[in-house]
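Please take a moment to look over the chain before reading on.

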Amino acid sequence: MDALRFDHALRVVGDEPLPTPAPDEALIRLRLAGICHTDLELTRGYMGFQGILGHEFVGELAAPAGDFPAGQRVVGEINVACERCPYCAAGMGSQCPHRVTMGIDRYPGAFAEVLRLPIRNLHAVPAAVPDEVAVFAEPLAAAFQALAMQPIRPADRVIVLGAGKLGLLTAQVVRLTGCDLSVLARQPRPLALLRQWGIPALDGNDQGWLAAYERHSAQVVIDCTGSAEGFALALDLCRPRGTILLKSTYAGVPSADLTRIVIDELRIVGSRCGDFPAALRAMAAGLIDVTSLIEARYPLREALRAFDHAAGRGVLKVLLTP
């Protein structure tokens, strides 16, 4: 079968063996997959991953699995937990110390014609949700996790820093709370999308935006930049006893004004994987626009071109088809 592997170099292989599922796993035929910023970082050495990349997908079951019939369209949670430790018993499989992670850490990914995943990780895709929407289930679930980690009230002033793929999804999720929301963006397409959605956008290319925006005024700042500069800006914007929510991992170890955190009594909250059922419900109800984020589609055999495209500055979602 065709697959995209990273083994010290990114390469498309046409003779990848079909996966052999464990008794608790299902075989899934890929329908559509999405390239994520994490996939790009993995090719630059992040996590030391070797193998088949990819963790955003929608597929169909190659055979009956559990309560699912053959042909059922599914999406899947990426953390493969042990199901035995105290974290798993408490319903926190994403924090299982023994977990492996699909396409990221010691578990084969979704950029292949056929993939495997534990049946317990799968969620049925509603019939009304097309593939090009369902493929966003994993990042949209991560966006919903922001609300799980930090409840936001309608009266709160919230600013999202960074309007990449995850930032734009997070902004749409946060808007559902009715809060006073603004989003900092720099690239033309995200700025246009935010205006299209009626979400106030702060143009980071305008050097006067920060002077016009009241410092230390936001109850919640959500940093989707993954940069030291983004975190420093979050410290400037968050009011005393406010919360900074981190939605991106950092490539290095950013320096931070820890004294400021202590004096202003700020809460720093991390947020990672989230609730797939919530994401699927929002998709079925048409609450979130994901298709406007799609830049291009490539066949799996042209995945090297797709990765080059996805790595371009300001590019949003690039999809792979089998």
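In which sense do strand S1 and S4 pair, and over how many bridges? Strand S1 (residues 3-6) and S4 pair in the antiparallel sense, over two bridges; here helices (H or I, at least four residues) and strands (E, at least two) are DSSP runs, numbered from the N terminus, and two strands pair if DSSP finds at least two bridges between them. Before going further, note that this is a predicted model, in which local features need pLDDT of at least 70 and side-chain atom pairs count only at pLDDT 80 or more, while totals for chains, interfaces and linings use all residues. Residues are numbered from 1 along each chain as its sequence is written, and side-chain values use heavy atoms, with hydrogens and water left out.

Within this pairing, Phe6 has Gly51 in S4 as its bridge partner. The two strands belong to an open sheet of three strands, whose order is S2-S1-S4 and whose pairing is antiparallel. Strand S2 (10-13) and strand S4 (51-52) stand at the edges with a single partner strand each, so one side of each is left without a neighbour in the sheet. Helix H11 (residues 303-310) lies across S1 and S2 and runs at about 145° to S2, where axes are lines fitted to C-alpha atoms, for helices over the stretch in contact, and angles run from 0 to 180 degrees between N-to-C directions.

In the loop between S16 and H9 we find Lys247. Is this lysine buried or exposed? Lys247 is buried, with a relative accessible area of 6%, given that buried means under 20% relative accessible area, exposed over 50%, and partly exposed in between (1.4 Å probe, protein chains only). Leaving aside residues up to four places away in sequence, Lys247 touches residues that include Ala142, Leu166, Ile222, Asp223 and Arg272, contact meaning heavy atoms within 4.5 Å. Its side chain also reaches the backbone oxygen of Arg272 at 3.3 Å. The C-alpha atoms of Lys247 and His37, which are 210 residues apart along the chain, are separated by 13 Å.

Another covered region is helix H5 (residues 165-175), where nine of the 11 residues are buried; among them are Lys165, Leu168, Thr170 and Val174.

We now turn to charged side chains. Side chains of opposite charge can pair when their charged atoms come close. A salt bridge is a side-chain nitrogen of Lys or Arg within 4 Å of a carboxyl oxygen of Asp or Glu, and by this rule the count comes to 22 salt bridges. In one of them the side chains of Asp7 and Arg11 meet at 3.1 Å, N to O; Asp7 is partly exposed at 22% relative accessibility, and Arg11 is partly exposed at 38%.

Which side chain does Glu83 meet in a salt bridge? Glu83 meets Arg120, at 3.4 Å, N to O. This pair links distant parts of the chain, 37 residues apart, since Glu83 is in the loop between strand S7 (79-80) and helix H2 (86-89), and Arg120 is in the loop between strand S10 (114-118) and strand S11 (122-124). The phi of Glu83 is near 65°, a positive value in a residue other than glycine.

Arg241 and Glu265 form a further salt bridge, at 2.5 Å, N to O. They too link distant parts of the chain, 24 residues apart, with Arg241 in strand S16 and Glu265 in the loop between helix H9 (258-263) and S17. Arg241 is exposed, with a relative accessible area of 63%, whereas Glu265 is partly exposed, at 42%. The phi of Glu265 is near 50°, also a positive value in a residue other than glycine. Finally, Arg29, Arg31, Glu60, Arg73 and Asp131 are linked in a network of salt bridges.

How values were computed:
Polar contact = N/O pair within 3.5 Å; in protein donor to acceptor, adjacent residues only side chain to side chain.
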